Amino acid sequence: MAAHHTYSAATLRGDLFGGLTAGIVALPLALAFGVASGAGAAAGLYGAIALGLVAALFGGTRVQISGPTGPMTVVFASAIAALGGSFQMALAVVLVGGVLQIALGLLKVGGLVRYIPYPVISGFMSGIGVIIILLQLAPLLGASPSPSPLQALAKLPDTLAELNLQALALGLMTFAIVWFTPMRISRYLPSPLLALCLCTLAAVLLGWQVPVIGEIPTGLPEFHLPQFSLSQWSLIFTLGLTLALLGTIDSLLTSLVADSITRTRHKPNKELIGQGLGNMLCAFIGGLPGAGATMRTVVNVNAGGRTRISGMVHAVFLLALLLGLAPLAAQIPLAVLAGILVKVGIDILDYRLLKRIQGTPKPEVIIMLSVFALTVLVDLVIAVGVGVVLAMGLVTWRMAKTAHIHLEEDELLDVPNEPGHPGVRLVRLSGPLFFGSMAQMLDRMDKVDQVMQTKDIVLDCRGVHYMDLTAVFAIEDMLQKLQQKKLRPRLLLDDEELQQRLLALNSPAFTEQTLCSSIQQVLDDCCQQT
């Protein structure tokens with residue numbers, strides 16, 4: 001019974017304050033992300049409400065606030081562009097993303113996010129920050145927006161020709177308010193909301209002619225049926241996978257932040273299932289996909305949010321706004337939202353690594369810059385894929401460098417009581433033997449013949465702490481080659497489990513005679529064979 005009393009009036013008050021404050025911060029961002037995605041301001045609100053509610057109910061992080069985020073908006077906008085502007089097909093991407101997130105949760109992949117190398121995450125986040133800034137340049141100047149960062153750069157001269165000074169003034173005012181509002185004010189009245197209200201009011205009172213959001217449908221969202229096309233299926237799936245992976249990384253990194261502030265432990269796989277269910281709902285109501293949002297989560301905790309109720313309050317508050325205040329939001333100038341988003345873009349840049357770039361090892365910097373360049377100039381999926389492959393390549397190369405083959409000309413062991421025996425040639429192998437180190441090993445082994453002087457050769461693998469299948473097959477080929485040359489090769493292993501594994505392969509190269517566990521066994525064996 002005691003468990004029922006743990007939720008006190010003070011906790012409820014904290015959750016209400018936390019949820020309301022997070023909702024106030026989420027409102028301008030949801031509208032801005034909706035407009036930036038090309039799906040309209042309402043899509044941002046629908047996404048914030050649906051994902052915010054479902055992820056709070058079913059997720060694995062108690063204080064997490066979920067909703068549209070910069071990275072997810074960028075992928076969704078690029079999905080709309082890649083699918084020829086079809087909103088229903090872009091929603092199919094969101095549905096696939098949600099299903100894949102649930103699958104990742106069920107497959108217990110949540111814990112693996114920690115293994116994505118930091119340079120990859122850094123380059124990716126900085127790239128997304130730059131994309132958001134580039135995409136907001138046109139709305140900030142009062143011109144028509146571009147669908148991709150490259151087009152935004154290419155159209156810069158046209159954008160400058162369309163310059164609306166009133167829009168630029170509003171955008172700069174917004175940015176200044178968001179940037180310079182002191183923390184003591186922002187704690188009670190979040191700076192994005194303050195900027196949104198003041199600058200919208202200024203534009204209306206001064207009668208400035210600037211592009212605005214326009215009419216937002218009031219009432220509950222309509223039901224949408226995501227549209228699949230066989231000809232575009234691979235593109236829909238790839239973009240859906242990007243959303244799923246990006247949403248996973250975004251949400252779980254936010255969960256880690258929430259853990260460090262609240263001194264609690266989240267359940268990563270449960271969080272993925274909650275996020276996936278939320279994104280699936282977004283696909284059916286025409287909402288923007290999203291993830292756990294770091295800034296909103298931190299705001300929630302700082303304002304008193306302690307349980308799932310805070311995330312639900314945030315969603316219900318936004319729903320109430322949608323039903324009642326949508327007509328007011330129609331007057332919000334796009335330049336004001338652009339000013340807020342430019343600040344979001346600047347905040348996403350990874351200053352932690354950028355500040356220390358000079359002291360960072362060159363290979364890591366190259367990975368970070370490659371991911372950054374590919375994110376901005378090519379494609380988000382390719383960027384993460386290439387980044388992970390480069391990071392894996394770097395680890396492989398470093399591990400391969402630790403593998404050694406010692407082949408000394410005088411490394412001959414005398415066979416006791418056999419004065420006529422030329423001795424046993426010892427080739428020492430150490431470090432990990434795997435696909436990355438085998439090429440170097442095979443090159444060195446080709447030189448064994450030159451210093452042979454004896455028919456007995458021992459590959460001493462006592463210093464080998466790891467051997468993958470590539471290495472096993474390479475050693476098998478090596479032993480068979482030596483046998484074909486009428487030599488007597490042996491493999492010296494002190495790892496009993498590895499010995500059993502090799503014997504289980506039933507290879508003529510790996511037998512009780514060729515596998516030895518000590519030098520003494522080798523020498524005794526040589527005595528018997530002379």
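This report looks at the aromatic pairs and the cavities of a predicted model. Local features need pLDDT of at least 70 and side-chain atom pairs 80 or more, while totals for chains, interfaces and linings use all residues. Residues are numbered from 1 along each chain, and side-chain values use heavy atoms, without hydrogens and water.

**Aromatic pairs**

The whole structure holds six aromatic pairs (Phe, Tyr or Trp rings, the last by its six-membered ring, with centres within 6.5 Å; planes under 30 degrees apart are stacked, over 60 edge-to-face, the rest tilted). F223 and F284 are stacked, because their ring centres are 5.8 Å apart and their planes at 5°. F223 sits in the loop between helix 10 and helix 11 and F284 in helix 12, so the pair ties together parts 61 residues apart in sequence. Helices here are DSSP runs (H or I) of at least four residues, numbered from the N terminus. Ring pairs also link F228, W233 and F237 into a cluster.

**Cavities**

There are five cavities of 30 Å³ or more. A cavity is a set of points on a 1 Å grid over the protein atoms alone where a 1.4 Å probe fits but cannot get out, and lining residues have an atom within 4 Å of a point. Volume is the space filled by probe spheres set on the points, which are joined across faces, edges and corners.

| Cavity | Volume | Helix with the largest share of the lining |
|---|---|---|
| Largest | About 80 Å³ | helix 3, four residues |

Among the residues lining the largest cavity are F33, G70 and L341.

Methods
Helices (H or I, at least four residues) and strands (E, at least two) are DSSP runs, numbered from the N terminus. On a 1 Å grid over the protein atoms alone, a cavity is a set of points where a 1.4 Å probe fits but cannot get out, and a pocket is an open set with protein on both sides within 12 Å along at least five of seven lines; lining residues have an atom within 4 Å of a point.
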